[in-house]
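Please find below some notes on this structure, arranged as numbered points. They take up the sheet and then the ligand.

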Amino acid sequence: MQVVIIGAGIIGATLAYQLGSIGAQVTVIDAAGPASGATGRSFGWANASFYADEAHYRLRRESLHAYRCLAATSGVSDIRWTGCLCWEETGDAFDAQANALSALGYDLREIDRAAFAELEPNVSPPKRALMFNAEAAIEPVALTQTLLAQSNARLMFGCRVNGIVVENGAVRGVRVPGGTLPADRVIVASGTGSQAILADVGVHLPMLDRPGVILKTKPVAAILNHILVAPGQEFRQLPDGTILAPTAANHQRDDSDHVAERLDQSAEIAMERLRNLIPDTALEWASVSLAQRPVPQDGLPVIGACGPKGLFTSVMHSGITLAPLAAEILSKEVLDQSLTNSQVDLIAPYRPDRFQS
Ligand SMILES: Cc1cc2nc3c(=O)[nH]c(=O)nc-3n(C[C@H](O)[C@H](O)[C@H](O)COP(=O)(O)OP(=O)(O)OC[C@H]3O[C@@H](n4cnc5c(N)ncnc54)[C@H](O)[C@@H]3O)c2cc1C
């Protein structure tokens, strides 16, 4: 069976890896190159502490488990189980967050100022913080490249898909420069490009404009150990010493549909917060990058079959968190394998048909 995946971000790469491991012949096509969209500008925090509702929490938590399986089978080193220290909320909101996550059974504990200072001696310590042990720092670009390399898929880069070829109600291939590439199954994993590709075959996927900006500092000595979530600022340190930080305050909840400042100005604002949080280290920003985040209209993932027979899609924000589970489930469906009851339940709220009238 010939499977074509349109998009070589984290969603396309995890799918190629899963499908390759169960014997499908896969071609991944990208208009630019691997991780050239949102994946290459992501913060890379895999977590279940941020969620919309209980079903969404379960999906995210199961995906953290899927990351452990992926790490074990692929041997990739781009997944680090650093855990997260979070003091985004204060007062009653802090207690409400802790209580809600405890009630869901999340692996967390509260730590005081002294314990925080031991864990993160270079960060101004808050009075109290939540420690989320099960969360991971992902290096999305490296992971995407490694999974594509291990997938055995054929890769076509710099190659925009201009449409899906449908005959007698079933996909037959994709239109690329120079002709039609035949396919029995097509998966649209094209991030913000998905809406246009799907619209061409009558599938409605409304999406929001959600720009996101990420900054990198110049590398410094190793000073941070966890993913850190302070009021209004998330940050973590990469293995090369760079500190990575979204410039938007509380970026996971950021629902702006446009950028309010020039990128250099938003970088300076975030740097001021970072310098207050890490007072004894001289920090300078090195780069700041803007990306459009793939956010379906209701904010939730869209995963599954849609439109003509043989067509599938997988589009979501928090794609770094959700990629391994989405790939595990969708690769089975693409190859006509049965899902377990638990997979059926997990995926039920996220089907593309919720947007078809
Ligand atoms: C600043 C920022 C911070 C984030 N932080 C986090 C985080 O901490 N945790 C988390 O879980 N998520 C985070 N996200 C979200 C996450 O990065 C995305 O959900 C995820 O990367 C989406 O992956 P994707 O593969 O679907 O899309 P993309 O990475 O955008 O890949 C889609 C690919 O499709 C290609 N494409 C599009 N149209 C076509 C076409 N017609 N033909 C061929 N190719 C095409 C593009 O070139 C692109 O390479 C963040 C995003 C941003 C921008």
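**Notes on the sheet and the ligand shell**

1. Eight strands form an open sheet with mixed pairing, in the order β6-β7-β5-β16-β17-β18-β15-β19. Strands are DSSP runs of E with at least two residues, helices are runs of H or I with at least four, and both are numbered from the N terminus. Two strands pair if DSSP finds at least two bridges between them. At the edges lie β6 (108–112) and β19 (285–292), each of which pairs on one side only.

2. The model is predicted: local features need pLDDT of at least 70 and side-chain atom pairs count only at pLDDT 80 or more, whereas totals for chains, interfaces and linings use all residues. Numbering starts from 1 along each chain as its sequence is written.

3. Strands β16 (residues 227–230) and β17 (residues 233–237) are antiparallel and joined over three bridges. Within this pair, L228 has F235 of β17 as its bridge partner.

4. The ligand is surrounded by 41 residues (C-beta atom, placed from the backbone, within 6 Å). The closest are G9, G37, G191, G193 and G319. Two or more residues come from each of α1 (10–21), β2 (25–30), β15 (211–217) and α8 (319–334).

5. Why does the ligand lie between domain 1 and domain 2? Domain 1 (2–43 + 141–208 + 297–355) and domain 2 (84–133 + 214–291) both contribute residues to its shell, so the ligand lies between them. These bounds come from an automatic or database domain assignment.
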